Amino acid sequence: MKIILNTIGVLAVILGVLGIFLPLLPTTPFLLLASACFARASPRLHNWLQTNRVFGKYLRDYENGRGIPLRGKIWVLIFMWGSMSYSIWRTDHLWVRLLVVLIGACVTLYLTRFVPTMRIDKK
């Protein structure tokens with residue numbers, strides 16, 4: 001089982017990194033999947049993901065229940081809907097447009113209603 005979880009985790013990291021550069025390929029869900037797989041199968045890989053200088057802090061905050069800062073949520077929604085709008089504009093298939101809008105609406109709902117907004121204390 002550890003081999004399967006580690007394989008899924010590595011594939012999820014690869015897809016997550018590709019999602020940074022490719023529109024409509026989500027980064028965060030893949031990194032969360034990788035973190036969950038590594039937490040159960042490989043403490044070393046889970047630690048590597050948690051301490052990664054690019055996305056480690058965000059994963060730690062999310063996994064510890066602190067959520068995402070409001071500014072981060074806003075930027076995620078702006079970039080997500082921007083790339084989805086471009087995809088909707090570029091396709092001629094109604095069913096693809098509707099699917100993209102449905103996915104965007106579900107992600108927006110999840111992000112705004114179910115992911116906690118991190119409170120940042122001003123000093």
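Me: Which residues form a nonpolar patch on the surface?

Reply: Patches gather residues with over 30% relative accessible area and no salt bridge, nonpolar side chains (Val, Leu, Ile, Met, Phe, Trp, Tyr) being joined within 5 Å. A salt bridge is a side-chain nitrogen of Lys or Arg within 4 Å of a carboxyl oxygen of Asp or Glu. In this predicted model, the patch consists of V10, L11, I14, L15, V17, L18, I20, F21 and L22, with about 790 Å² of accessible area together (Shrake-Rupley method, 1.4 Å probe).

Me: Take I20: where is its place?

Reply: I20 sits in helix α1; helices are DSSP runs (H or I, at least four residues), numbered from the N terminus. I20 counts as partly exposed because its relative accessibility is 47%, where buried is under 20%, exposed over 50% and partly exposed in between.

Me: And which residues make up the largest nonpolar core?

Reply: A nonpolar core is a set of buried Ala, Val, Leu, Ile, Met, Phe, Trp, Tyr and Cys residues joined through side-chain atoms within 4.5 Å. Here the 10 residues are A12, V13, F30, L31, A34, F38, L45, L49, F55 and L59. Two or more residues each come from α1 (2-21), α2 (28-41) and α3 (43-50), and α2 gives the largest share, 4 residues. Another core, of 8 residues, lies apart from it and includes I68, M84, I88 and V115.

Me: What is A34 in contact with, beyond its neighbours within four places in sequence?

Reply: Contact means heavy atoms within 4.5 Å. A34 touches G9, A12, V13 and L49 in this way.

Key. Residues are numbered from 1 along each chain as its sequence is written. This is a predicted model: local features need pLDDT of at least 70, side-chain atom pairs count only at pLDDT 80 or more; totals for chains, interfaces and linings use all residues. Side-chain values use heavy atoms; hydrogens and water are left out. Buried means under 20% relative accessible area, exposed over 50%, partly exposed in between (1.4 Å probe, protein chains only). Patches are made of residues with over 30% relative accessible area and no salt bridge: like charges are joined within 9 Å, nonpolar side chains (Val, Leu, Ile, Met, Phe, Trp, Tyr) within 5 Å.
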